[in-house]
Amino acid sequence: MVLIDNHTHVISTDTVRYPTSPIGGRQSQWSQTRPVNIDGLVRALDDAEIDKAVVAQASTVYGHDNRYVVEAVRTHPDRFIGVYSIDAPAPDAVERIKYWQGQGLTGFRLFTTGTTMPGQADWLGHRDSYPAWAYAEEQGIPVCLQMTIQGLPVLRGLLERFPGVRVLLDHCARPDLSDGRPYRHAKDLFDMAGHPGVHLKLTHRALGAAQRGASTAADFLADLVAAYGANRIAWGSNFPAAEGTPADLLAQAREAASDLSAADQEMIFGGSTAAFYTPVTTVGGPRA
């Protein structure tokens, strides 16, 4: 089994070469108090015996300047998959996608909410973003979404317009699971399973939500696998944004998933990520 962490970040110690320019104008607290550079991430993954990791752009540090993610991938091409951030409604969005894909990165991230930007941004479904979505669909480029469950109706509209796009929802779109089964507060999340391109990122935030109120992690994961299939669910540590080491976060996730079958666990802890970030193959050849 190849173990892959679907969600990590890197922060450079070189603030001259890599100056901060956070989306929304405010740098995240975690990136100031517990930054981890490329070498530090490699050591942490080694300690956890994690084979590979997705390095997602730290949008609350560098905005859309993805150069440090590029450095991570170029330094450790056998270890890292790089995901870059773009301003989707910008007039040059497609050109930026082409540029960052050409730098060796694989798929883009849209940051519409977070610790420094609470709430759901209203630009997600703006028509100015359609060219970026159309290009992602045409080229088979995966899209990672940092969003809330309140944005799912907008996403549904985008996927009706661009049904071929594969999307991955950070933190399972931050659902409210406190009511427990049958998770009526998270109905929109489970309904999204009807769109075959929708995948979920299982992180400490989602697992934490699954253990509040009447919910249990075992119930939530069982229902999630029943709705989506394990092949559309991928574990990510969110290190170092999440407190704790990748080894700690992995152990917590494994415990939460312990009631699932071995095959389902294999998909969640590696197989799903490998498939999601594998270029789509068409009659004309591979699409990056």
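**Close-up views of the predicted chain**

View 1. Glu49 is found in the loop between helix 2 and strand 2, where helices (H or I, at least four residues) and strands (E, at least two) are DSSP runs, numbered from the N terminus. Residues are numbered from 1 along each chain as its sequence is written, and side-chain values use heavy atoms, with hydrogens and water left out. This is a predicted model, in which local features need pLDDT of at least 70 and side-chain atom pairs count only at pLDDT 80 or more, while totals for chains, interfaces and linings use all residues. Although Glu49 is not a glycine, it has a positive phi of about 60°. Glu49 counts as exposed because its relative accessibility is 64% (buried means under 20% relative accessible area, exposed over 50%, partly exposed in between, with a 1.4 Å probe and protein chains only).

View 2. Arg174 has its place in the loop between strand 6 and helix 8, and its phi is near 55°, a positive value in a residue other than glycine. With a relative accessible area of 26%, Arg174 is partly exposed. Pro182 is also placed in the loop between strand 6 and helix 8 (187-191), and the peptide bond leading from Arg181 to Pro182 is cis, with omega near 5°. Pro240 is in the loop between strand 8 (233-235) and helix 11 (246-256), where the peptide bond from Phe239 to Pro240 is cis, with omega near 5°.

**View 3. Helix 4 and what covers it.** Helix 4 spans residues 67-75, and its buried residues are Tyr68, Val69, Val70, Ala72 and Val73. The elements that cover these buried residues include helix 2 (38-48), strand 2 (52-56), helix 3 (59-62), strand 3 (80-85) and helix 5 (93-102). Val70, which lies in helix 4, counts as buried because its relative accessibility is 5%. Leaving aside residues up to four places away in sequence, Val70 touches Trp100, Gln103 and Leu105, where a contact means heavy atoms within 4.5 Å.

**View 4. Val42 in helix 2.** Val42 is found in helix 2, and it counts as buried because its relative accessibility is 12%. Not counting residues up to four places away in sequence, Val42 touches His76, Arg79 and Phe80.

**View 5. Strand 5 with its two partner strands.** Strand 5 covers residues 143-146 and is covered on both faces, with Val143 and Leu145 on one side and Cys144 and Gln146 on the other, all of them buried. In a regular strand the side chains alternate between the two faces of the sheet. Strand 4 (residues 108-111) pairs with strand 5 in the parallel sense over 4 bridges (two strands pair if DSSP finds at least two bridges between them), and Leu145 in strand 5 is the bridge partner of Leu110. Strand 5 also pairs with strand 6 (residues 167-169) in the parallel sense, over 3 bridges, and here Val167 in strand 6 is the bridge partner of Val143. Together, strand 5, helix 7 (residues 152-161) and strand 6 make a right-handed β-α-β unit; right-handed means that, with the strands pointing away from the viewer, the path from the first strand over the helix to the second runs clockwise.

**View 6. Gln265 in helix 12.** Gln265 is found in helix 12, which spans residues 262-276, and it counts as buried because its relative accessibility is 17%. The side chain of Gln265 reaches the backbone oxygen of Ala257 at 3.3 Å, a polar contact (a pair of N or O atoms within 3.5 Å; within protein, one must be able to donate a hydrogen and the other to accept it, and residues adjacent in sequence count only if both atoms are side-chain atoms). Not counting residues up to four places away in sequence, Gln265 touches Met1, Arg254, Ala257, Ser258 and Leu260.

**View 7. The stretch 281-288 and its confidence.** The mean pLDDT of the chain is 93, and 94% of its residues reach 70 or more, where pLDDT is the predictor's confidence in each residue, from 0 to 100. Over residues 281-288, by contrast, the pLDDT is below 50, and beyond near neighbours in sequence this stretch has 15 contacts in the model.
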